[in-house]
Amino acid sequence: MIVLAFILILIAYFVLSTRRRAKEPPGPFKWPIVGNLPQIAMINWSRVWFAIDHYSKQYGDIMGMYFGSRYVVVLSNPKDIHEVMKRDEWNGRVRDNNEKVKSSGKHLGLFLTQGELWRETRRFTLRNLRDFGFGKADMETSIMSEYRTVEEYLDNQIKTENGEVCFDDLFGPPVVSTLWKMVAGTNCDFEDPHIRRMQQVVVDTLRRRAIGAGLFFAFQQLGRLFPELSGFAQQRDGFKFLKDKMKELVDEHKETRVPGVLRDFIDVYMEEQEKNPDNPNFFDEQLAVLCMDLFVAGSDTTTNTLRFVILYLILHPDVMKKCQEEIDTEIGRERQVGISDKEKLPYTQAFLLETDRYCSMAPIVTPHCLTKDVVYKGYEIPEGTIIFMNNWGIHRSKERWGDPENFRPDRFIDGNGKVITNDEWFVPFGSGKRRCPGEILARANVFLYAANLLQHYSFSVIPGTTKPSDEPVIGLNLSAQPYSALVERRK
Ligand code: HEM
């Protein structure tokens with residue numbers, strides 16, 4: 001009798017826990033406890049975005065999935081993304097315990113906050129970074145002064161190493177320095193072991209985030225039970241190290257600042273604190289985590305993109321040749337390429353857009369979270385639902401791109417030879433209210449570095465070695481495999 005009752009309870013539990021709500025978006029069969037993890041594992045366990053895209057094709061542009069008991073809605077149509085991401089309620093962040101390791105148990109900074117703290121911090125950051133150079137002529141001067149260190153390094157390698165260059169570490173220091181001058185008023189001195197360690201920590205910490213991504217995302221407690229295996233410990237320690245460094249920076253600024261003299265973004269933030277001491281959204285710890293967010297975002301993303309740029313040039317010499325011919329014809333070799341030359345270089349621009357599309361560095365955009373119940377296209381989606389944007393699927397859609405697996409910059413050139421910069425299926429920086437605030441700086445860096453390098457150098461596979469692979473390394477952001485290339489000054 002007891003056994004029978006137990007079996008009946010088990011059956012009832014199975015039936016109930018596999019049922020989906022009446023008006024929830026369609027998705028794969030939901031298993032008790034593990035949800036859709038078995039289906040994800042069947043397609044690709046380590047590259048979760050492949051599995052997500054696979055099931056989106058089967059179940060549609062708005063799909064519901066369960067990571068354990070955590071409910072996720074995946075958006076795979078950019079029209080939906082552009083529409084809903086304009087609305088406040090789609091722009092929350094996941095209230096996740098593991099995420100809080102970044103800021104010692106609190107949701108702080110820009111990435112993890114939502115509501116008034118996020119809105120005010122974001123508005124303030126955008127406005128004031130603009131004042132310190134984002135999008136202005138100063139920004140170009142600052143980028144180009146850092147860029148010169150790359151040319152110096154390449155010329156030296158050509159002289160001393162027959163032009164063999166390892167691209168793992170090359171772009172990080174100059175790219176971060178440009179941002180850091182705006183934020184903290186100083187160059188990042190990469191000879192300084194603290195700064196080197198900070199950048200290494202960013203790289204290691206973000207890579208560790210990919211370990212067992214689906215499993216540890218589904219069962220948060222596992223991260224704490226198996227801190228080493230899950231990468232939780234490295235993340236916690238890495239973020240603690242970074243946050244301590246940022247606190248030191250904030251303290252230093254406090255000691256050295258002169259009220260009314262605004263050297264950099266941190267000074268402006270402190271001035272705001274002083275002017276409005278009752279504003280609860282401006283405080284020292286928030287400033288430290290905000291600086292950390294900017295450092296982390298600024299360190300990994302642009303640098304990764306530039307490494308993909310050189311990699312694709314090596315793998316597609318015909319594309320490199322076309323870019324160089326365009327630059328030779330439109331600009332020549334006598335003066336440096338500037339932002340205002342963009343219009344004259346549609347093919348070079350198209351190459352960079354294709355690089356963003358093809359690498360899809362953020363294959364699933366940093367998850368959002370619904371801050372209230374919504375009804376969208378007839379589906380009822382409850383508050384707290386995690387929202388994934390399927391950037392990988394959008395950038396690799398056969399329906400939109402025809403031959404998405406080919407690297408073909410021409411797809412971004414229209415019938416009149418003009419570059420298409422506003423394709424709605426192109427969303428590397430996200431969309432709507434949380435769209436990347438660093439986009440202007442990132443695009444300027446990538447364009448100026450790529451165009452000026454192409455003007456003076458050629459890149460190719462080192463003779464006698466195999467072609468580097470374009471399979472990305474998995475992490476929070478995808479990155480290019482480590483590779484070296486032969487660099488030659490153009491004749
Ligand atoms: C090629 C370079 C870059 C790419 C592809 C990129 C992409 C993205 C994406 C996809 C998001 C998520 C948007 C969302 O949640 O909906 C994001 C957010 C963010 N990015 Fe970038 N990013 C890049 C460079 C930068 C740089 C240089 C900075 C530094 C200023 C930066 C700062 C941020 C911040 C602070 C956020 C969080 C915004 C928020 O939650 O409101 N990014 N970025």
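Reader: Which strand order does the open sheet of three strands have, and how do they pair?

Author: The order is 4-10-9, and the pairing is antiparallel. Strands here are DSSP runs of E with at least two residues, helices are runs of H or I with at least four, and both are numbered from the N terminus. Two strands pair if DSSP finds at least two bridges between them. Bear in mind that this is a predicted model, where local features need pLDDT of at least 70, side-chain atom pairs count only at pLDDT 80 or more, and totals for chains, interfaces and linings use all residues. Residues are numbered from 1 along each chain as its sequence is written.

Reader: Ok, so which strands stand at the edges?

Author: Strand 4 (164–166) and strand 9 (457–460) do; each has a single partner strand, so one side of each lacks a neighbour in the sheet. On average, neighbouring strands of this sheet are turned by 40 degrees against each other, direction ignored. Those angles are between axes fitted to C-alpha atoms (for helices over the stretch in contact), and run from 0 to 180 degrees between N-to-C directions.

Reader: How many bridges for strand 4 and strand 10?

Author: Three, between strand 4 and strand 10 (residues 484–489), in the antiparallel sense. Cys-166 has Ser-484 as its bridge partner, and Val-165 stands opposite Ala-485. Strand 9 is joined to strand 10 by four bridges, also antiparallel, with Tyr-457 partnered by Arg-489.

Reader: Switching to strand 8. Are its residues buried or exposed?

Author: Buried: Ile-386 and Phe-388 point one way from strand 8 (residues 386–389), Ile-387 and Met-389 the other way, and all are buried. Buried means 20 or more other C-beta atoms within 10 Å of the residue's own, exposed means 12 or fewer, and partly exposed is in between, with C-beta atoms placed from the backbone.

Reader: What does strand 8 pair with?

Author: Strand 2 (residues 70–75) runs parallel to strand 8, with four bridges, and Leu-75 is partnered by Met-389. Strand 5 (residues 368–369) pairs with strand 8 in the antiparallel sense over two bridges; there, His-368 has Ile-387 as its partner.

Reader: Now helix 5. Which residues are buried?

Author: Trp-118, Thr-121, Thr-125, Asn-128 and Leu-129. Seen down the axis of helix 5, the buried residues fall within an arc of 125 degrees, so they line one face; the arc is that of the directions from the helix axis to the C-beta atoms. Glu-116, Arg-123, Arg-127 and Asp-131, on the other side, are exposed.

Reader: And what span should helix 5 have?

Author: Its 17 residues (115–131) should span 24 Å at 1.5 Å a residue, and the end C-alpha atoms are 25 Å apart, which agrees. The expected span is 1.5 Å times one less than the number of residues.

Reader: What's the phi of Ser-360?

Author: Near 35 degrees, a positive value in a residue other than glycine. Ser-360 sits in the loop between helix 16 (346–359) and strand 5, and is buried, with 21 other C-beta atoms within 10 Å. Lys-377 also has a positive phi, near 50 degrees, but counts as exposed, with 11 C-beta neighbours inside 10 Å.

Reader: Last one: which residues come nearest the ligand?

Author: Of the 25 residues around the ligand, Ala-297, Thr-301, Gly-430, Cys-436 and Gly-438 come nearest; near means that the C-beta atom, placed from the backbone, lies within 6 Å of the molecule or strand. Helix 14 (284–315) and helix 19 (439–456) each give two or more residues to the shell. Helix 14 has the largest share, seven residues.
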